[in-house]
Amino acid sequence: MGTSGSRASNPVTGGLKAEFQACLALFNSVEQQELLDSFEAICSQEDPDRPTVKAATTPSGFTLNQYKKFISDTLPDDIALRLFNQMWLHQGIFKRPEEAVVSKEAFIVTLGKAMRGTNEEQCHIAIALSTDKDTTKGIYREDIKKLVADLLATYERLLEVRGHKRGWKVSATEEQNQRFINYIMKEVIEESSSDNPSVITESEVQSWLHHTAMFQLLLTHVTYLSVSQAKPEQLPERSDVSADLSMQPSLLPVAQDIPWDQTTSLLDIPSVLLINRHLPHQLKLQWRFLYSSSVHGASFATFLSHIRDSGPILLIVKDSKGHVFGSFVSDSLELGPSFVGSAQCFLFQLSPSLGVFETSGRNEHYLYLNIDQQTLPNGLGMGGQFGHFGFHLSQDFGKGHSKGTPKCTTYESPQLSAEEEFEFDVLEAWALGPPPRAPTQEEAEEAKTSILDKDPEAQAILEMVGRGRKSEGLREADATADIPEVHELPPM
């Protein structure tokens, strides 16, 4: 870090200037201007211990009092002070915090390293924010855990006070937050090699950060939101209204189409963060509410009618014992006798603990959906084998099973429900990403065309051997018309 200059008369040295240019380049032009505007806004705050800089004068820096006044208690006092210390220490000037003045260069360098820095730089920032103690012999695990808890609580508070909840009318209980903290801290426990289990080394913190992107994302967004002056964008509540949903950085997708006055969600802020982190990039911006058994009715046919042809979907279940779990389906659902889907599918548990279970590579039994069969399972199943799914919703609505003894072979998941065979209280479904494009008339006609229509030679050969098509003129307009339960449904 640029420490070659130590004199108060020349705090911005060549080394710091070079770091400033390098860190500024980590942001795009819009972000650069936003951060520079924030710097000037901090400098414009009143400080009783320092005369206010006149508006016509280019601000030289800000004090601790000005910084605290600007962030207005959005950060815990200890984290705010430690972050301020990191800023002025970049100038190589060793003073008491009350006497320090942070330059524009030191401000940008610190934010650049906290938000876009290397793994090593973010590790240094994380340790500095977690403790004031001497860390030469290690960092206390409880200090790291407290930092995670503080960042999560701060993030949730900033979403609320800055109006960045993006349509989500949910929050989190202390218990739900604790599950998220335990999930993130799991890697810390696994990384520790110290004789003292309460202490981890700097290299172990760095390794933890490498494997725990969720912490880095929290650090980045808390840092950004604490200094940002950007007003929240006006986001449409309905998915049929066109809008650019990527204008401001966020860990949350936009929640659309959900009647909050009629229902609540099984999701909370930490669980949305966790699930969204594991989704393909193109699905992270927009979640569209499709179905809740508490709103639309408790019927498998109704459930299917709301989720079919919706693209990738998220299913969440709360069983009668209080366990909350579900699945991500990577493609539009299709009825059929075999497994479909892709390796992007995964299962998850939200209560009593958090966990995401991605594909193991041992088989391709990602997704199965069938109804009204005599010899095959009826319902939706994911992972494992017929009758032994990692996640299964029966066509006999309200029932299902989750088998994981010892684990589901497809997803390496344990039993997700409280009991292997379960009954559920609520089933909820969300479509992820933008609405699928409606097929053109030509594409719709093509989908109805028989393979023999596309290959006249094959048709001629069959006719020559006396095996022409018996179904000519008898074809259903809809290929799934033999499924009465689905086709008795009224249009949505």
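**A tour around Phe 107**

Start by selecting Phe 107, which is buried at a relative accessible area of 0% (buried is under 20% relative accessible area, exposed over 50%, partly exposed in between, with a 1.4 Å probe and protein chains only). You are looking at a predicted model, where local features need pLDDT of at least 70, side-chain atom pairs count only at pLDDT 80 or more, and totals for chains, interfaces and linings use all residues. Residues are numbered from 1 along each chain as its sequence is written, and side-chain values use heavy atoms, leaving out hydrogens and water.

Phe 62 and Phe 107 make an edge-to-face aromatic pair, 5.7 Å centre to centre with 85° between the planes. For such pairs, rings of Phe, Tyr and Trp (its six-membered ring) have centres within 6.5 Å; planes under 30 degrees apart are stacked, over 60 edge-to-face, and the rest tilted.

Now widen the selection to Phe 39, Tyr 67 and Phe 84: ring pairs join these with Phe 62 and Phe 107 in a cluster.

Select Ala 41, Ile 42 and Cys 43 in α2, and you will find them meeting Gln 66, Tyr 67 and Phe 70 in α3 (contact is heavy atoms within 4.5 Å).

Technical notes. Helix = DSSP H or I, 4+ residues; strand = E, 2+ residues; numbered from the N terminus.
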